[in-house]
Amino acid sequence: MRSKVALGIWLLGISLAWMAVAPADLGVSPLVDAQGAAVGWWQLRQHVIYVSGLWSIGLMALVMLLALRLPLFDRLLGGMDQVYRLHKWAGIGAALTAIVHWGAKESSGWMKALWGRAGRPEHDAVLPWLTDARGFAKDLGEWAFYLLLAMVVLTLISRLLPYKHWRILHRAMPVLFLALVFHAVALMPLTFWALPLGLLMGALLALGSLAAVWSLAGWVGRSRSHVGRIHAVTVLGDTPTGAPVEVICAMPPSWPGHRAGQFVFVRFDAAEGAHPFTIASAPHALGNTPEGEPLLRLVIKPLGDYTRTVHRRLHAGQRVDIEGPYGCFHGKGSRRRQQVWVAAGVGVTPFFALLEARQPGRSSKGRDPAAVHMHYCTRDARRDPLLPRLQALCAQAQPPVPLTVHNEAEGQRLTPQDLQAEPGPLDIWFCGPQGLGDALHEHARGLSRWRLHRESFAMR
């Protein structure tokens with residue numbers, strides 16, 4: 001929800017700044033005058049070109065800034081997953097408004113055929129030193145638009161490309177943005193540089209350009225990156241194929257520590273790039289190595305091309321690059337609400353950390369943790385390698401955490417209606433498949449007594 005509100009505020013701010021410098025009557029009435037000149041239609045086309053262009057480049061600047069993974073955005077939006085959600089929809093919005101911008105520009109042909117050139121406005125004056133670059137800026141913007149559209153389509157149809165190939169292609173986005181910045185600066189009317197629009201767009205284009213250069217230099221997340229090593233690798237299951245893999249990482253002295261429920265970006269292979277994984281251990285729960293290195297646990301479920309092979313790729317002593325920690329999935333809430341944790345499959349990993357933080361001797365200082373009821377969804381309880389550990393942690397927690405297991409092999413599938421039996425207003429913390437999360441979200445929207453917290457993380 002925060003990402004939707006942020007996107008709306010961003011577009012509204014650009015729109016209000018444009019309205020402050022636009023003509024009061026916009027010059028669109030009447031659309032066709034008594035002499036048959038389509039003065040109003042030409043003016044309307046001009047406004048559509050400008051507003052859609054401002055929206056598109058403004059959204060692309062937002063995309064560039066969000067890609068920096070700044071802690072400020074993490075806090076404002078309530079988690080890095082929401083940052084990536086806003087990043088994705090801002091990119092889609094930039095492409096859609098670019099289509100409107102391109103369509104309005106190309107509409108001149110049929111407008112001439114209908115009404116002729118009468119009433120068509122002259123080209124607006126631009127920055128004097130860029131007047132001669134108008135033609136080049138138009139051509140550059142058009143080709144950048146085609147490439148942007150292709151990249152957004154490939155992002156949406158993510159199965160067309162393996163992740164590592166998509167990641168390399170996605171790194172071209174800053175180059176496209178810089179090309180479109182030149183297009184915008186060279187073609188933006190001189191009157192638009194007046195306050196407040198000039199200040200707003202100048203700041204967005206400058207900050208977005210700095211972010212693009214930062215990204216191209218490979219400095220994203222640099223201040224929060226740590227070089228550790230793999231301490232141990234264990235396959236959790238009878239067979240390596242399809243079984244979760246537990247990876248214990250030894251962290252360097254620069255590691256600042258984490259809070260239960262947070263995640264990190266992990267890179268085992270430079271060619272593959274970083275993937276987000278939840279830290280499946282509470283702070284200090286695993287202790288340190290004999291050399292004094294703090295340990296943390298990752299549990300990796302084989303879901304994609306790369307993660308299906310990690311049990312063969314990883315070994316003790318191997319270098320691992322870890323960026324973070326990030327996230328606000330802390331599993332806490334108001335004591336006036338019943339806390340309900342819902343996990344499915346590998347979505348149980350943040351709850352491992354939250355439950356470890358509730359073990360005897362590890363509870364946070366001050367008041368005792370709020371009571372929690374946990375629901376865990378599994379395909380087959382008898383073969384689930386994660387369930388025994390979950391049961392032990394729930395039983396040993398202080399206070400104990402009641403656990404309800406929904407075993408799909410026996411026809412036990414959790415539905416939102418199953419949670420309505422919980423007493424009082426609910427704080428629901430969910431991590432698991434998108435389908436179940438969406439079902440809980442839709443159900444919660446109509447119930448003011450439910451609050452749903454989820455990390456709907458997607459890299460693309």
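Which residue forms a salt bridge with Arg69, and how far apart are the closest N and O atoms? The partner is Glu323, and the closest N and O atoms of the pair are 2.6 Å apart, a salt bridge being a side-chain nitrogen of Lys or Arg within 4 Å of a carboxyl oxygen of Asp or Glu. Arg69 lies in the loop between α2 and α3 (71-77) and Glu323 in strand β6 (residues 319-326), so the pair ties together parts that are 254 residues apart in sequence. Arg69 is buried, with a relative accessible area of 12%, and Glu323 is likewise counted as buried, at 7% relative accessibility; here buried means under 20% relative accessible area, exposed over 50%, and partly exposed in between (1.4 Å probe, protein chains only).

The structure is a predicted model, in which local features need pLDDT of at least 70 and side-chain atom pairs count only at pLDDT 80 or more, whereas totals for chains, interfaces and linings use all residues. Residues are numbered from 1 along each chain as its sequence is written, and side-chain values use heavy atoms, with hydrogens and water left out.

The protein contains 13 helices and eleven strands, where helices (H or I, at least four residues) and strands (E, at least two) are DSSP runs numbered from the N terminus. Its C-alpha atoms fill a box of roughly 85 × 50 × 40 Å, taken along the principal axes, and 47% of the 460 residues count as buried. The accessible surface comes to about 22,800 Å², of which 60% belongs to carbon and sulfur atoms; accessible areas come from the Shrake-Rupley method with a 1.4 Å probe, and for residues only the protein chains shown count as cover. Among contacts between residues at least 6 apart in sequence, 75% join residues at least 24 apart, a contact meaning heavy atoms within 4.5 Å.

The structure holds twelve salt bridges in total. One of them joins the side chains of Arg313 and Asp269, with an N to O distance of 3.7 Å. This pair links distant parts of the chain, since Arg313 is placed in helix α10 (residues 310-313) and Asp269 in the loop between β3 (263-267) and β4, 44 residues apart. Both ends are partly exposed, Arg313 with a relative accessible area of 40% and Asp269 at 26% relative accessibility. Salt bridges that share partners also join Glu246, Arg297, Glu356 and Arg389 into one network. A further salt bridge is formed by Lys105 and Glu106, whose closest N and O atoms are 3.0 Å apart; Lys105 counts as partly exposed at 31% relative accessibility, as does Glu106 with a relative accessible area of 38%.

Ser281 lies in the loop between β4 (275-278) and β5 (295-300) and is buried, with a relative accessible area of 0%. A polar atom of the Ser281 side chain lies 3.0 Å from the backbone nitrogen of Arg297.

In helix α12 (residues 387-396), the buried residues are Leu387, Leu390, Leu393 and Cys394. Seen down the axis of α12, these buried residues fall within an arc of 130°, so they line one face of the helix, the arc being that of the directions from the helix axis to the C-beta atoms. They pack against α11 (349-356), β8 (372-378) and β9 (403-407).

His183, located in helix α8 (residues 173-187), counts as buried at 15% relative accessibility. Not counting residues up to four places away in sequence, His183 touches His101, Ala137, Lys138 and Gly141.

Helix α2 (residues 39-66) supplies the largest share of the nonpolar patch, three residues. Val100, by contrast, is placed in helix α4 (residues 80-106) and is partly exposed, with a relative accessible area of 41%.

Key. A polar contact is a pair of N or O atoms within 3.5 Å; within protein, one must be able to donate a hydrogen and the other to accept it, and residues adjacent in sequence count only if both atoms are side-chain atoms.
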